Amino acid sequence: MAELQEVQITEEKPLLPGQTPEAAKTHSVETPYGSVTFTVYGTPKPKRPAILTYHDVGLNYKSCFQPLFQFEDMQEIIQNFVRVHVDAPGMEEGAPVYQYPSLDQLADMIPCVLQYLNFSTIIGVGVGAGAYILARYALNHPDTVEGLVLINIDPNAKGWMDWAAHKLTGLTSSIPEMILGHLFSQEELSGNSELIQKYRNIITHAPNLDNIELYWNSYNNRRDLNFERGGDITLRCPVMLVVGDQAPHEDAVVECNSKLDPTQTSFLKMADSGGQPQLTQPGKLTEAFKYFLQGMGYMASSCMTRLSRSRTASLTSAASVDGNRSRSRTLSQSSESGTLSSGPPGHTMEVSC
Ligand code: BEZ
């Protein structure tokens, strides 16, 4: 294992009104594939895994996860966990240009982070490339992963058709536009909302655009994760797959769901959320995350608000009627009806939000 070295202590966490300050510390460690920077919020809780996040291409931990982790209802969840937010190499400010690691090598850097922090298990939350990296890490280190929330995961390597389309797009589009097309749906991009303008601006004017392009290239050169239902190569922990109902990766996530163990996998397809549900629907994602943690035996209803408790009670009692976790669960949300439902297709359990 390469020498682990802390080189930075920075970061201030913006506080919500009425919230007590929580320590946030940024560290860098050397790994066999270069240094990796990560920011730790909160303090380790005995007998609880750390929540470890990994962001998508074109973003960093803040631009990818801040709206979710600073969402008001999220506070009662995350106060029970220490959080480790990894920045892909070269995404932190002033980062030099690299011989960039492959996604598999980025996954292989995670043990150095955990060793440095002396954390033994995690619940991973990843988006896009970050979801792939955490899934690869879980395949290699299943004993250290208690659960995974994988948003917009595409577990497949690009086929030749994808490459042809990618090359064609590259003839007419800049790298930032290609990355925006990976992050957001065409409808969102043409709608040009404030959110799109904000993220277009962040990516187009990023001082580290060269490094972003390297992370993008690693993503496009990813290997197939080769999941097979019932086979040796599969995720063994509880998994919540999340995708927006018009997201660019909808088909890939649906296919991924079909390849994972249905007794361990929940599939959340979110209405009206576009390509980045953690940015556009943090409330619904927070609620689904709460149920996910409850299913893993964390977040007892006694430590939740009265509203959440009543929602959860109706879900868990309905779930116990269903009997067990032996079937695939589909969670689908509709912002119009304001409902969150959970259950196997044709046997839907529903709770009102
Ligand atoms: C957190 O509390 O874990 C957090 C705060 C700000 C940005 C991202 C995460």
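Two strands are said to pair if DSSP finds at least two bridges between them, and helices (H or I, at least four residues) and strands (E, at least two) are DSSP runs, numbered from the N terminus. The views below come from a predicted model, in which local features need pLDDT of at least 70, side-chain atom pairs count only at pLDDT 80 or more, and totals for chains, interfaces and linings use all residues. Residues are numbered from 1 along each chain as its sequence is written, and side-chain values use heavy atoms, with hydrogens and water left out.

**View 1. The chain as a whole contains 13 helices and 11 strands.** Of the 353 residues in the chain, 54% are buried, where buried means under 20% relative accessible area, exposed over 50% and partly exposed in between, with a 1.4 Å probe and protein chains only. Among contacts in the chain with a separation of 6 or more, 71% are accounted for by residues 24 or more positions apart, contact meaning heavy atoms within 4.5 Å.

**View 2. Strand 3 (residues 50-54) pairs with strand 4 and with strand 5.** With strand 4 (residues 83-87) the pairing is parallel over 4 bridges, and Leu-52 stands opposite Val-84 there. With strand 5 (residues 122-127) the pairing is also in the parallel sense, over 5 bridges, and here Thr-53 faces Val-125. In a regular strand the side chains alternate between the two faces of the sheet. In strand 3, Ala-50, Leu-52 and Tyr-54 point one way while Ile-51 and Thr-53 point the other way. Because 5 of the 5 residues of strand 3 are buried, the strand is largely enclosed by the rest of the structure.

**View 3. Ala-50 has its place in strand 3.** Its relative accessibility is 2%, so Ala-50 counts as buried. Leaving aside neighbours within four places in sequence, Ala-50 is in contact with Val-82, Val-84, Phe-119, Thr-121, Ile-122 and Ile-123. The C-alpha atoms of Ala-50 and Ile-122 are separated by 4.7 Å, although these residues lie 72 residues apart along the chain.

**View 4. Helix 3 (residues 103-117) crosses helix 4 (residues 129-140) at roughly 65 degrees, and their axes come within 8 Å.** Axes are lines fitted to C-alpha atoms, for helices over the stretch in contact, and angles run from 0 to 180 degrees between N-to-C directions. Helix 3 is therefore roughly perpendicular to helix 4, since angles of 65 to 115 degrees count as roughly perpendicular, under 35 as roughly parallel, over 145 as roughly antiparallel and the rest as oblique. Residues making the contact include Leu-106, Ile-110 and Leu-114 of helix 3 and Ile-133, Arg-136 and Tyr-137 of helix 4. The contact residues divide into 11 nonpolar, 1 polar and 3 charged; Ala, Val, Leu, Ile, Met, Phe, Trp, Tyr, Cys and Pro count as nonpolar, Asp, Glu, Lys and Arg as charged, and the others, Gly among them, as polar.

**View 5. Helix 6 (residues 175-183) has buried residues that pack against helices 5, 7, 8 and 9.** Those buried in helix 6 are Pro-176, Met-178, Ile-179, Leu-180, His-182 and Leu-183. The axes of helix 6 and helix 9 are 11 Å apart at an angle of about 50 degrees, and these two helices are therefore oblique to each other. Their crossing is left-handed.

Notes:
A crossing is left-handed if the near helix is turned anticlockwise from the far one by less than a right angle, and right-handed if clockwise.
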